[in-house]
Amino acid sequence: MKDEVILAIETSCDETAIALLRNGKELLANSVNTQIEDHKRFGGVYPELASRLHLENIDSVLSYVLSLKGFDIHSITHVAVTGGPGLPGALQIGAMAAKTLAQYLHVPLVDVHHLAGHIYANEFAGEFRYPLLAIVVSGGNSELVYLPRPFEFHILGETEDDAIGEALDKVARSLGLPYPGGVHIDKLTKDQDIESFDLPKPKVKGYDLSYSGLKSHLLRLIEKEKKENGGTLSEKRVKEIAFSAEKSFVEQLLDRAELIKNDYPVKMIVVGGGVSANSYLRKRIYERIKDVEILIPPLWCTTDNAAMIAMAAHHMIEKKILSPLSFKTRPNRNLEEE
């Protein structure tokens with residue numbers, strides 16, 4: 001039988017990424033062109049700029065991947081692309097490229113949900129055992145997703161307001177840390193003995209999360225302490241506030257994961273999304289969650305990339321979930337619709 005070779009494209013936000021995956025196991029290429037430096041001056045992702053940069057970069061990223069020594073473009077059996085959620089203009093760039101390639105090569109097209117990609121990125125670390133709980137945490141998402149079987153998603157809990165990454169970024173900005181803030185909070189607090197202080201616990205029912213109130217409390221605290229100290233905070237105090245925020249945000253997430261583990265049959269917990277790179281989360285999940293297997297993606301696969309889209313597409317192909325060339329991107333796509 002002919003090998004399955006998926007070319008996957010990811011352009012949902014600020015990374016232009018293309019990958020090649022053979023038979024759901026062998027990653028032949030995984031190229032990512034990041035726009036972080038371009039968006040720094042805005043303190044976050046500027047959507048119009050992101051779309052323009054995808055348009056400028058996608059040809060060179062694709063050319064690089066397809067020029068790999070010994071690779072034959074006609075060995076590609078499927079083209080996959082992130083069809084949502086994401087920035088409307090950014091998604092369109094990837095979709096147009098994927099549709100053009102699929103039509104040129106006369107191969108099937110696979111429209112992949114971005115968060116499904118983050119969940120299945122964990123398969124680069126190990127094999128899934130179902131039923132499992134996926135903790136999806138990023139700048140735009142905080143969701144607890146139950147998978148009783150492959151590619152069946154049930155959202156049990158989600159943020160009622162800010163996503164965990166978004167809230168961390170805003171606290172970091174108030175502390176004077178550069179963008180992306182969550183990354184710099186992690187660098188500032190990693191492997192250090194820092195004293196933390198207690199923060200209010202949000203009163204949220206069920207398995208849902210809330211970060212807006214905690215964020216606002218911290219922003220008011222930072223402004224108050226800045227005024228009392230001539231407009232600045234000491235390095236020690238910045239670290240204390242950053243670590244307290246990180247700790248409080250992560251512990252709330254793990255509280256909900258423990259509740260679900262106790263209420264549902266769960267053989268494995270996986271973590272996906274940019275915040276899954278956070279050192280405190282990666283350490284605490286093993287300390288707190290017992291009696292189930294924990295799987296965390298390698299660091300290279302935590303931020304947006306096309307390898308994760310290819311891995312999710314592999315499972316969709318197994319289930320014969322393919323897409324017409326006329327498919328439309330959906331910026332606000334729901335994971336449970338998959």
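**A walk through the fold and its pockets**

Of the contacts in the chain with a separation of 6 or more, 73% are between residues 24 or more positions apart, where contact means heavy atoms within 4.5 Å. This is a predicted model, in which local features need pLDDT of at least 70 and side-chain atom pairs count only at pLDDT 80 or more, while totals for chains, interfaces and linings use all residues. Residues are numbered from 1 along each chain as its sequence is written, and side-chain values use heavy atoms, with hydrogens and water left out.

The chain has 10 helices and 10 strands, these being DSSP runs numbered from the N terminus (helices H or I, at least four residues; strands E, at least two). The radius of gyration of the chain is 20 Å, close to the 20 Å that the globule rule gives for 338 residues, so the chain is as compact as a globular protein of that length; the radius is taken over C-alpha atoms, and the rule is 2.2 Å times the number of residues to the power 0.38. Along its principal axes the C-alpha trace spans about 65 × 45 × 35 Å. Of the 338 residues, 56% count as buried, that is, under 20% relative accessible area with a 1.4 Å probe and protein chains only.

Strand β7 (residues 142-147) pairs with strand β8 (residues 154-158) in the antiparallel sense over 4 bridges, pairing being assigned if DSSP finds at least two bridges between two strands. V145 has I155 in β8 as its bridge partner, and of the 6 residues between the strands, F151 in the turn has a positive phi of about 55°.

We turn now to the pockets. On a 1 Å grid over the protein atoms alone, a pocket is an open set of points where a 1.4 Å probe fits, with protein on both sides within 12 Å along at least five of seven lines, and lining residues have an atom within 4 Å of a point. The largest pocket has a volume of about 1,300 Å³, a volume being the space filled by probe spheres set on the points, which are joined across faces, edges and corners. Among the 46 residues that line the largest pocket, S138, G139, G140, D169 and G274 are the closest to its centre. The largest share of this lining, 6 residues, comes from α5, and β3 (26-34), α4 (114-120), α5 (164-174) and α6 (181-189) each supply at least two residues.

The second largest pocket holds about 290 Å³ of space. Of its 16 lining residues, L199, K201, S248, E251 and Q252 are the closest to the centre, and helix α8 (residues 235-263) gives the largest share of the lining, 7 residues.

Technical notes. Buried < 20%, exposed > 50% of the residue type's maximum accessible area, 1.4 Å probe, protein only.
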